[in-house]
Amino acid sequence: MKKSALQQARANYQPKLPKALLGAVKVKEGQPTQSVDNQEEIKKLFPHTYGMPLVEFVPGDNAMEKQVNVGVILSGGQAPGGHNVITGLFDTVKKLNPNNKLYGFILGPGGLVDHNYMELTKEIVDEYRNTGGFDMIGSGRTKLEKVDQFEKGLQILKELNINALVIIGGDDSNTNACVLAEYYAAQNTGIQVIGCPKTIDGDLKNDQIETSFGFDTATKTYAELIGNIERDCNSARKYWHFIKVMGRSASHIALECALQCQPNVCIISEEVQQKDMTLNQVVDNLCKAIAVRAEDGKNFGTVIVPEGLIEFIPAIGRLIQELNDLLAEHGAEYKDLDKEAQREYIISHLSKENAATFETLPTGVARQLSLDRDPHGNVQVSLIETEKLLSDMCEARLAEWKKEGKYVGKFAAQHHFFGYEGRCAAPSNYDADYCYALGASAAQLIASGKTGYMAIVKNTTAPADQWVAGGVPITMMMNMERRNGEMKPVIRKALVELDGKPFKAFAAMRDKWARETCYVYPGPIQYWGPTEVCDKPTQTLIYEQQ
C-alpha cells in the first residue's frame, strides 16, 4: 500500500510514556468508590463491580510476567488515536510475556458476537502506529446488552483462550463494557473487561478522566478549517459563514474551536438550555450581532453552531423526549403511514404544549425530529441542518428589521458542517502519546487482575513523563437515565460547565469578538518543531488545569 511522506515519517514517532509505565509497575489502591448518583440502584445492578477502589500505577521492583491473551474492540464513531491505544496495549502485553497474544474483533462489538476476529501480529500493528482512523480492525455500533450476546462472546473468548477484553469507546460503549464485566464476574468466567475513554465530542470526562482521546486532534483539525474560513471571510468581506461542528450531547467542540479561533459568535447549547431560550430568541441574539457589525460597515462574520443545539432548546427538548417515548411505543403503526398522516398522527398523540411546539417548527425540521432513531434511541441530530435553519431564520428576521429601519446591512450566508473531517485525522502528538499511555494502562489493569475498570491518564498538561496512569471503576461514573422509554444505568455525560474556567474565559471575550474582527488562524497540526507548537494541549484543558 502506497504511503504518503507524512505517514512514512510519522511511523517512526515513539510516543512518550508516563514514568510509572516505563519499567516494572505496581498498583497503589485508593479509597472505595460510589456512583455519581442513584447509588442504591447502581449497586443493586452491579453487585460484583461496585465500590471498587481507584487505582494508580507507580514504579515497582519486579516486572509482572503475566501469561494472558487479550481481545480488543473498537466501538462507536472513529476518533484520532485509536490505533495508538492498540499499539500501546500490544507492546505492553508482549512486554509482560512475549508469548501473549492480542486478538482484534472485526467491525466493533458485532465481531465478538459473530466470532469475526484476527490475531494482531507485530507486522500488522506496526503498519498502524501513529495513524488516524480505526481501519486496523474497523468499528461498529452494535450494543452489547443481551445475555445471548454475552454468551456468544464467551464461546469465542474461551476458544481463543482470551482472559481479558478491552473495549475502546465512548460513554455508551463503556456502559456496555461495565454490563459485560458484571455479567462475566457474576458467572465466574474469569474474563476481565477494561474500557478506554474515546470520543471526539469531549463529553466523556469527569474528576478522574481529564479528556477523552481524539478531542485534541479533532478540535485542532476543525480549528484549522475554521481559521481558513475566517481568513476568507475577512478577505472577501461579503458573507456570514455558519459553521456547524460535531457535538450532539455537549458543546465542548464548539467551545474549544471558539477559544482557538475567536469567531464573531459561538452558540453554546448548555447556555441556551440554562436560560430557557426559544429558537426565536437564539435567532434574535444572532441578528443583533449581525446588525451591530453592519452599523460598522462589516457585512460579514463567522458563527459556530454545535450540532446538538436543537435538543438543548428546552421547548424542543421536551418535545423530543415525548417523541422518543411515543416512537419507542408506537413506532410500528407510525412508520407505514404517509408523510402527511405521520404529521397528523404525531400532533394528535402529543401533549398540548409539545404539539404546539411541533406545529411552530419549519416543516423540514419537524419531519427530521420524527424520523428513525439511532441504535441508542436518540434523534439523529446530525441530519438536521441547524446551520441552514438559523441562517434562513436570520435572513427573514433581518428583512423585517430592514423594513422597520433597525438594520442597514446586506446579508448573504455560506454554510459548512465539519464532522467526518476530524474523526480520522492523524493524531496530534498529544493524542498519540495519550492513547499509547491509555493502551499501556489497560494492559497493566489486566495484569493486576482488574475488571470493570476504565484506563485513565491524568496530569496531561504537564510533560508526558509526569503524567499519572491508573484506572477508575466504571460504576463510579454511572447514574440512571431514561433511554428508549425505560430507566437504564449509563455513564453520565459531561456537559460544558457554565461556571467552569473555559466557558468563563470565552464569555469574558465574546462581546468584543462579536463587534470587532479578532480572528485567530491556528493553521494545521504540527508534528515536528518547538514543543509549544507541537505538544500543546487544548485550550479547554489548559484553562481547566490552571
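Visitor: Let's start with the whole fold. How many helices and strands does the protein have?

Guide: Remember as we go that this model is predicted. The protein contains 22 helices and 15 strands. Its radius of gyration is 24 Å, close to the 24 Å from the globule rule for 546 residues, so the protein is as compact as a globular protein of that length. The C-alpha atoms fill a box of roughly 80 × 60 × 45 Å along the principal axes.

Visitor: What share of the residues is buried?

Guide: Buried here means under 20% relative accessible area. In this protein, 58% of the 546 residues are buried. As for the surface, the protein exposes about 22,500 Å², and carbon and sulfur atoms supply 49% of that area.

Visitor: And how far apart are the mean positions of the positive and negative charges?

Guide: They are 3 Å apart, for 59 positive and 69 negative charges.

Visitor: What do the contacts say about sequence separation?

Guide: Take the contacts between residues at least 6 apart in sequence: 78% of them join residues at least 24 apart.

Visitor: Which residues of α6 are buried, and what do they pack against?

Guide: An α-helix has 3.6 residues a turn, so residues three or four places apart point the same way. In α6, the buried residues are Gln-149, Phe-150, Gly-153, Leu-154, Ile-156 and Leu-157. They pack against several elements, including β4 (102–105), β6 (164–169) and α7 (171–186).

Visitor: Let's follow that to α7. Is α7 mostly covered or mostly open?

Guide: Mostly covered, as 13 of its 16 residues are buried. The length check works here too: 16 residues should span 22 Å, and the end C-alpha atoms of α7 are 22 Å apart, which agrees.

Visitor: Is Gln-262 buried or exposed?

Guide: Buried: its relative accessible area is 18%, and the cut-off is under 20%. Compare Ser-351, in the loop between α14 (339–349) and α15 (352–360). Ser-351 has a relative accessible area of 32% and is partly exposed. Its C-alpha atom lies 44 Å from that of Glu-230, 121 residues away along the chain.

Visitor: One last residue. What does Tyr-334 touch?

Guide: Tyr-334 belongs to helix α13 (residues 314–335) and is buried at 5% relative accessibility. Leaving aside residues up to four places away in sequence, Tyr-334 touches Leu-327, Gln-342, Tyr-345, Ile-346 and Ser-370. Ser-370 is 36 residues away along the chain, and its C-alpha atom is 10.0 Å from that of Tyr-334.

Conventions: Residues are numbered from 1 along each chain as its sequence is written. This is a predicted model: local features need pLDDT of at least 70, side-chain atom pairs count only at pLDDT 80 or more; totals for chains, interfaces and linings use all residues. Side-chain values use heavy atoms; hydrogens and water are left out. Helices (H or I, at least four residues) and strands (E, at least two) are DSSP runs, numbered from the N terminus. The radius of gyration is taken over C-alpha atoms; the globule rule is 2.2 Å times the number of residues to the power 0.38. Buried means under 20% relative accessible area, exposed over 50%, partly exposed in between (1.4 Å probe, protein chains only). Contact means heavy atoms within 4.5 Å. Accessible areas come from the Shrake-Rupley method with a 1.4 Å probe; for residues, only the protein chains shown count as cover. Lys and Arg count as positive and Asp and Glu as negative; His and the chain ends are not counted. The place of a charge is taken as NZ of Lys, CZ of Arg, CG of Asp or CD of Glu. The expected span of a helix is 1.5 Å times one less than its number of residues.
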